4 protein chains.
Amino acid sequence: MPVMMKAAVFVEPGRIDIVDKPIPDVGPNDALIRITTTTICGTDIHILKGEYPVAPGLTIGHEPVGIIEKLGSAVTGYQEGQRVIAGAICPNFNSYAAQDGVPSQDGSYLAAMGLCGCHGYQATAGWRFGNKIDGTQAEYVLVPDAQANLAPVPDGLTDEQVLMCPDIMSTGFKGAENANIRIGDVVAVFAQGPIGLCATAGARLLGASTIIAVDGNSHRLDVARALGADVTLNFRDCDVVDEILRLTGGRGVDSAIEALGLQSTFLSALRVLKPGGTLSSLGVYSEDLKIPVSAFAAGLGDHKINTALCPGGKERMRRLMNVIQSGRVDLGVMVTHQYKLENIVEAYDLFAHQRDNVLKVAVKPA
Amino acid sequence: MPVMMKAAVFVEPGRIDIVDKPIPDVGPNDALIRITTTTICGTDIHILKGEYPVAPGLTIGHEPVGIIEKLGSAVTGYQEGQRVIAGAICPNFNSYAAQDGVPSQDGSYLAAMGLCGCHGYQATAGWRFGNKIDGTQAEYVLVPDAQANLAPVPDGLTDEQVLMCPDIMSTGFKGAENANIRIGDVVAVFAQGPIGLCATAGARLLGASTIIAVDGNSHRLDVARALGADVTLNFRDCDVVDEILRLTGGRGVDSAIEALGLQSTFLSALRVLKPGGTLSSLGVYSEDLKIPVSAFAAGLGDHKINTALCPGGKERMRRLMNVIQSGRVDLGVMVTHQYKLENIVEAYDLFAHQRDNVLKVAVKPA
Amino acid sequence: MPVMMKAAVFVEPGRIDIVDKPIPDVGPNDALIRITTTTICGTDIHILKGEYPVAPGLTIGHEPVGIIEKLGSAVTGYQEGQRVIAGAICPNFNSYAAQDGVPSQDGSYLAAMGLCGCHGYQATAGWRFGNKIDGTQAEYVLVPDAQANLAPVPDGLTDEQVLMCPDIMSTGFKGAENANIRIGDVVAVFAQGPIGLCATAGARLLGASTIIAVDGNSHRLDVARALGADVTLNFRDCDVVDEILRLTGGRGVDSAIEALGLQSTFLSALRVLKPGGTLSSLGVYSEDLKIPVSAFAAGLGDHKINTALCPGGKERMRRLMNVIQSGRVDLGVMVTHQYKLENIVEAYDLFAHQRDNVLKVAVKPA
Amino acid sequence: MPVMMKAAVFVEPGRIDIVDKPIPDVGPNDALIRITTTTICGTDIHILKGEYPVAPGLTIGHEPVGIIEKLGSAVTGYQEGQRVIAGAICPNFNSYAAQDGVPSQDGSYLAAMGLCGCHGYQATAGWRFGNKIDGTQAEYVLVPDAQANLAPVPDGLTDEQVLMCPDIMSTGFKGAENANIRIGDVVAVFAQGPIGLCATAGARLLGASTIIAVDGNSHRLDVARALGADVTLNFRDCDVVDEILRLTGGRGVDSAIEALGLQSTFLSALRVLKPGGTLSSLGVYSEDLKIPVSAFAAGLGDHKINTALCPGGKERMRRLMNVIQSGRVDLGVMVTHQYKLENIVEAYDLFAHQRDNVLKVAVKPA
């Protein structure tokens, strides 16, 4: 086995480079994965632009599909050579936060470094790959807490078919799960980027009767329809709030899913929500949110607002791959482009500028 | 039986008067209640000040304790002369909204007047007494949908003991119910006015292990302690957010209940909330809310925000009176003053200015 | 308008006759519906055989599709001439039981007659049509608590398309709702009669990844596959428990739905259930159930067993019709035969003996 | 440090002996605890009698309070010398079952030995101490998956105060949690042994308004009253079912908790349950259960039956100790007797025969 590998690292705002790095050592609870396919996420673009700070030299990327190269001595039930994925969020399931129901919010490894409170809760700290530890845009990645996080890929599924599981599908589906969808519901999904598209597919899967997908990009609205939207609204062509209220006879939607992270989409989601409805928020907000009293019924509307970070863990990955394997949804259609790892800078450029109707890019080290 | 009655009506901003009004006719699904005790709510102060608009001439007040004077022809299972209460919110339980789980948000009677959408959802429209129809600060009140809303008072409970059930207790307890409290939780309750005090009592009743009550009034903090708070914090004496984070070892609280309706209390509630925690909001906000990205983990903190309007209905009232009857909590201590209906203007003055450690005022027509 | 109507009444065990009856008077909260289509339920067969006792002379049937002929004086928001359905279970939503979350278990009208406890809970007492009051196998039916129970049929839906909503679809879907289905689940549905088929369709709608349908009738298994089953098992061809454990790699299913009411199906459902799984029971049991300790993990398996009676009410009906209208499922395929009301005895005979691959029979008075 | 220790081992049915055993080696994810206090559980009596089979030579007992003697190399955040407890059930939180929400049902370590299905679900297999691995009635115990299971004891709490946390309190409180208790509920708890007493205390803590405790031992009923029961019924003095129906005006209880494991208690629990209510079962059943159709409303009563195995894990233990520390309940009163480990055979005899009003026995190695 080689000792060095290629990895895409953050150098400085605006610059990601392919560099040589040592292949990491494997501790008793780790696993080393040889990446066969990974991808680029919107978050990576924020990192590239310097909007989300990571340590210079860190390997970025958090969506691994690959082969187990080496298992830690305490990891059982897997074999080297096995095809696996791991979640973008690799929680420590032994932590207080995980046992408390929020594994993605566990910061126990930060706590071990004295960086957060004694019980180890730290918002978003369950996200480690390409954030706090080296990520997946490399030839190899070290998976911590491997016993909890390695999920074998069922035979017959391609890398592309499961490439959305670690992040986009897990996040988008969580958005649908958080929306409290019941049979017969009307659900509106604001923004149809990769996560919004998965939220649309998830809302369909969970039994919504009418799904209204909103975006300003007609190609994405077409994909939304293919993934389960009943109605698509282009905000360039209509007043979305008015139109949704009209479509629902003034009642509003039972659930609204926000999948972008802007004041405008959040506010539209709230404005179309019936009293008693649920706003499921997935977006990463970069500015303070304002909630007008009128949209919020002065706090008396029995509204629910739920936010989420992508769920991880091998059981979550297993379930998402079940969905793929059963043919319920085909998210392979979202992988529109393919690049070699050595050309990842080019892939970043395409993805960041949303050229050529790109949705997601498969990146392959070999 | 007389044909006229005394009633406290809204005349114009700043002015409530006692006037003579006809005792209303009783339709098939109504009941006429002779009020024995009612009270004044913070909302009534907003009405008095003109901050919340109601029609001039409307009888205000929404918390009835009294005797059934006359039953509608289609109302069964009650007797004239029976002691009853009814919720501040008197929903139409035949409505779509009620069957959908949010009776307080039903506007079907507004819909019947063409004032809201076809399915009759209308935020807060379940609130009728002293808002859309004549209220309880009068000798008699007409209860609509009486079959759903009249709740017999168990023998042995005084008017004062059940006077909080229609609104304050139902609302405050809902705040605790909406907080997703589990055994061993730490819960912070921001503001200890009547509703906050009931939220504190409710959090105690639902199993919170540590309850932190916050206010700027030391008398109210003493009452909070008597009703179940383990720790009281006066925001005049400390930085509440810092102190709560210190008390929880940096972890934050599992649930935060906001019981005032200000930007500052909402924000403090969010700032002390652990990732994955629930913010239960009870306040009536009169200004737009701002949610700083930092307090909200950029939308990635698995936070839940739940708002509520006071639940009504006879089953709710029955359950709350069970709590009183079992001796679990004694909210009679919150009734600090008593006035005759004819002196209600004086009572408003005391209550609006929070003089003399007033918490709630019993108002008696006779 | 005529004063007499045709109705199918229970005469004695083994005998149902078409007789002439007066068209009932309409009280303030009632509505008179002119039936355009109704159907026969398995429960009606039990009544016919004398296994479930009803009063001789009672009109049977509980699944109405029709036209509002006359509205009670206190019923608002509907028009005479409007096409409606009502649930098989017509609860009184003003009752304690309904406000407590179990409208189907309300016996308040029995309580009014002194036949059950003061709060009016009475198991299954929400079922009135063809049980306690005259039913739907007639030219007209009187709907009690009409404000809560009349659900307008959307334009464009045929009688046959909505004929399953009042009972079979509401019950079968409740079986799926009670099964706590999550994304990626494996669900087994035992028995594929009309209710089991709807449970299968419901499990598909709610996001199960693998649905295993079990029956002994290969035609019904074919329909199950058309409605969403991934795997069908004929218990005449295999040991169902062994086969399901094999299919799930020894893990068992996440949820099992029992849709027949026999010891054998209940037991199989329990035997294939993973520890921590949910058994959703829909069957009407006519004999005592035995639960072997071994299948029950001696009570230590974190199992959940949920039973249900068909949910009713206009909001439930509205939601189910939304599902139909959105094209999510087509239950019209289950209406395999059509009879005139005057020939209903013949229809009973066909349905009772499951001849000619019958699933459900449309019965039309005119 | 010594190399040998004293341990109480199962020899053959009817015989437990104190023997010398090697102190176990500590693997990377283990911790060795020096026991300061442990206790005897009803399950241990079943083991002693040979009714529940364990391997001869196994150290029994599953309720540890002690001091960390040695930590595995991969366990972080603890110090040797720290006082800790661990749950009776020590789950592997990295397992599929744990991530799926049922850690107590994980059999992944059995799966590793080829003893259960590939995903490692195995009913009750999360119970390891004194069942599959050496237990706590010894001078030392090896805690597996220590990172997930060691819970530091807050300063100021005695061994006796936290001795119920690992099993009795966690189980009894789970019975209350599984009962879906809401404000204003009436809850009946059948059997007031140690677990039933904790269920009574838990029901009180979770907000039940009326708690009816049932047993045949008047001393235990007195303790039940001290722990929160409002009404106590001795089944030797009355027909419990009749009496509970009378007390609830014919309505029945909202929730019934079974805490013994007999046909008779299960059936009484079902007979007093309102339609729509929840039966929370904690008992370990040694005979097949029979459910009469009449008590079960033929399967149509919207009943819920939930079973449970004691929850474990450090977060659970932390929460239970919070409850103790806050003074909400004092379970120290349940520790009625104390024995040295060397005299444990005598303690078994006392406990098995329920002599001298014994509830729980503290057993101390030193």
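Chain A is divided into domain 1 (4-90 + 126-164 + 312-364) and domain 2 (179-307), with bounds that come from an automatic or database domain assignment. The model is predicted: local features need pLDDT of at least 70, side-chain atom pairs count only at pLDDT 80 or more, and totals for chains, interfaces and linings use all residues. Residues are numbered from 1 along each chain as its sequence is written, chains are lettered from A and ligands numbered from 1 in the order in which they are written, and side-chain values use heavy atoms, with hydrogens and water left out.

**The two domains of chain A**

- The centres of domain 1 and domain 2 of chain A, taken over C-alpha atoms, are separated by 29 Å.
- Domain 1 of chain A brings 11 residues to the contact and domain 2 of chain A brings nine, where contact means heavy atoms within 4.5 Å.
- About 950 Å² is buried between domain 1 and domain 2 of chain A, and carbon and sulfur atoms give 75% of that area. Buried area is the accessible area (1.4 Å probe) that two parts lose on being put together, summed over both.
- Of the area that domain 1 of chain A buries against domain 2 of chain A, 46% is supplied by A:Met334, A:Asn357 and A:Leu359, more than by any other three residues.
- Zero salt bridges are found across this domain interface of chain A; a salt bridge is a side-chain nitrogen of Lys or Arg within 4 Å of a carboxyl oxygen of Asp or Glu.
- One residue pair is in polar contact between domain 1 and domain 2 of chain A (both at pLDDT 80 or more). A polar contact is a pair of N or O atoms within 3.5 Å; within protein, one must be able to donate a hydrogen and the other to accept it, and residues adjacent in sequence count only if both atoms are side-chain atoms.
- The side of domain 1 of chain A that touches domain 2 of chain A has six nonpolar, two polar and three charged residues. Ala, Val, Leu, Ile, Met, Phe, Trp, Tyr, Cys and Pro count as nonpolar, Asp, Glu, Lys and Arg as charged, and the others, Gly among them, as polar.

**Relations between chains**

- Chain B is superposed on chain C by a rotation of 180° with 0.0 Å of shift along its axis (RMSD 0.0 Å). The two copies are thus related as by a two-fold rotation axis. The superposition is by least squares on the C-alpha atoms of residues with pLDDT of at least 70 in both copies.
- B:Phe93 comes closest to the rotation axis of the residues of chain B, at 2.8 Å (C-alpha).
- Chain C is likewise superposed on chain D by a rotation of 180° with 0.0 Å of shift along its axis (RMSD 0.0 Å).

**The interface of chains B and C**

- Chain B and chain C each give 19 residues to the contact.
- The area buried between chain B and chain C is about 1800 Å², with 52% given by carbon and sulfur atoms.
- B:Asn94, B:Tyr96 and B:Gln99 supply 36% of the area that chain B buries against chain C, more than any other three residues.
- Two salt bridges are counted between chain B and chain C. B:Asp100 forms a salt bridge with C:Arg319, with the closest N and O atoms 3.0 Å apart.
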